[in-house]
Amino acid sequence: MQNYYQKEIETMPVEQIEALQSEKLVKQVKHVYENVPYYRDLMDKKGVTPDDIKGIEDLHKLPFLSKADLRDAYPYGLLAKPLSECVRIHSTSGTTGKRVVAFYTQNDVDMWEDCCARAIVAAGGTNEDVCQVAYGYGLFTGGAGLHGGSHKVGCLTLPMSSGNTDRQIQFMNDLGATIICCTPSYAAYIGETLEEQGFTPDQIPLKAGIFGAEPWTEEMRRGIEKTLGIKAYDIYGLTETSGPGVAFECCEQTGMHINEDHFLAEIIDPDTGEVLPLGSKGELVFTALDKEAFPLLRYRTRDICVLSREKCSCGRTLIKMAKPMGRSDDMMIIRGVNVFPSQIETVLLNEGYQPNYQIIVDRKGNTDTFDVNVEMNADQFSDTVSGVTAKEKALANAMKIMLGINPTVHLVAPKSIVRSEGKAVRVIDKRKLHD
Ligand code: DLL
């Protein structure tokens, strides 16, 4: 069994990792230029040739690739290998417009599973563990990625997929699952169900969870850790870059180490495209250094976060990304003010509510309306009407302090907000329907 703490890579001095990235980048740019006419055109338009790229210091010369490019090129326009060499397809959930489809060669699948294996090991996983994979299986990358990683680590893998919560709980208990992988909102739901069934954290066999695919706050982490009696680790990735495992958290739980030997990260100003210095907040851009079938150069993720090279107590030298605050396109502009759902979640959890909420934005005349439905727990529900009204006011006030604008808060009955088994839908923006 290969050891998936890949120490020589994960603790490599920065100069060495940069030299490795430079070497891979030069090769990758040639591969793309020769095999992807769509990107070759973008390079030609910018007047850049592969000879101009001598190392990572030249990365800024390359054009960006955006989600719109991926949609334009659907389905085969960015394919860099013959289909006969591809073994897998995954796809984004794509609620609007065309989906993005990503192709994988066997080497691509191996690299991706390696990244997920590193994440499982960083969360304390070994071949002694039983790993319950409760991300969706299928076109979504969550199930397949963590499943492959779990196999590589040698865990006993429970391929549950998402949903059927009672069965999740039965298998978890009967088969002694020690690690669970799912979205944080589903983890919270499983925790809530376990609590209702009378399980206390010490009766649950889990010791760790690997949660990602959607933004979640530190407050939510603490809530999940408490209910399930585990350590909750973050994991990040996107379909376009292969799936989960681009970055993962270690025991320090202060941001995710990026698998820099495979993914080169930059932070840019989302409005101007200017590359920002380390430590600045901006849009995360990835260059995949090894992907064969669906290589991406300077792909704009639209995720907003910060990179850091501060020394990590786990010994890994891989650069860290902070928890993404959400996508630049998750950000709502309400009455001219920028609002992220994660800010609302932080207020709720600080004020003693559960992260079961929905934001509804609409427009009446020329004014935006901004409503937040928040679920009460059973104790809060038994309150008097005037008590509930006072709580709604207090919560609206706390949100105003965080956001700078006043929402209308509606406290709603326990269990009236639909639970998520995958990525939670937090926002209903009805303004988009009128536009
Ligand atoms: O969500 C891949 C994944 C599966 C990641 C399982 C982690 C675990 P997509 O469906 O293409 O792929 O969505 C990618 O989800 O651009 C982020 O906006 C968001 N996202 C992913 N992980 C995190 C995270 C998968 N840990 C999009 N924190 C990304 C915040 C995340 N947002």
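Contact is taken here to mean heavy atoms within 4.5 Å. The structure is a predicted model, in which local features need pLDDT of at least 70 and side-chain atom pairs count only at pLDDT 80 or more, whereas totals for chains, interfaces and linings use all residues. Residues are numbered from 1 along each chain as its sequence is written, and side-chain values use heavy atoms, with hydrogens and water left out.

By this criterion, and with residues up to four places away in sequence not counted, I17 touches I9, M12, E260, D261 and L318. I17 lies in helix α2, where helices (H or I, at least four residues) and strands (E, at least two) are DSSP runs numbered from the N terminus. At 2% relative accessibility I17 counts as buried, the term buried denoting under 20% relative accessible area, exposed over 50%, and partly exposed the range in between, with a 1.4 Å probe and protein chains only. The buried residues of α2 are I17, Q21, S22, K24, L25, Q28, V29, H31, V32 and Y33, and these pack against α1 (7–10), α3 (37–46), β10 (263–268) and β11 (281–288). The 22 residues of helix α2 (residues 14–35) should span 32 Å at 1.5 Å a residue, and the end C-alpha atoms of the helix, 31 Å apart, agree with this value; the expected span is 1.5 Å times one less than the number of residues.

I17 and Y74 are separated by 57 residues in sequence and by 33 Å in space, C-alpha to C-alpha. The peptide bond that runs from Y74 to P75 is cis, with omega near -10 degrees, and P75 has its place in the loop between α4 (67–72) and β1 (86–91).

A213, although not a glycine, has a positive phi of about 85 degrees; A213 is found in the loop between β6 (208–212) and α9 and, at 28% relative accessibility, counts as partly exposed. R302, likewise a residue other than glycine, has a positive phi near 75 degrees, but R302 lies in strand β12 (residues 299–308), where its relative accessible area of 21% makes it partly exposed.

Two packed helices are described by the angle between their axes and the distance between the axes. For helix α8 (residues 184–196) and helix α9 (residues 218–228), the axes come within 9 Å and cross at roughly 35 degrees, the axes being lines fitted to C-alpha atoms, for helices over the stretch in contact, and the angles running from 0 to 180 degrees between N-to-C directions. The contact is made by P184, S185, A187, A188, G191, L194 and E195 of α8 together with M220, I224, T227 and L228 of α9. By class, this contact of α8 with α9 has seven nonpolar, three polar and one charged residues, with Ala, Val, Leu, Ile, Met, Phe, Trp, Tyr, Cys and Pro counted as nonpolar, Asp, Glu, Lys and Arg as charged, and the others, Gly among them, as polar.

A search of the whole structure finds zero disulfides, a disulfide being a pair of cysteine sulfur atoms within 2.5 Å. C115 is in no disulfide, the nearest cysteine sulfur, that of C116, being 6.8 Å away; C115 is buried, with a relative accessible area of 1%. The sulfur of C312 is 3.6 Å from the closest cysteine sulfur, in C314, which is too far for a bond, and C312 is buried at a relative accessible area of 6%.
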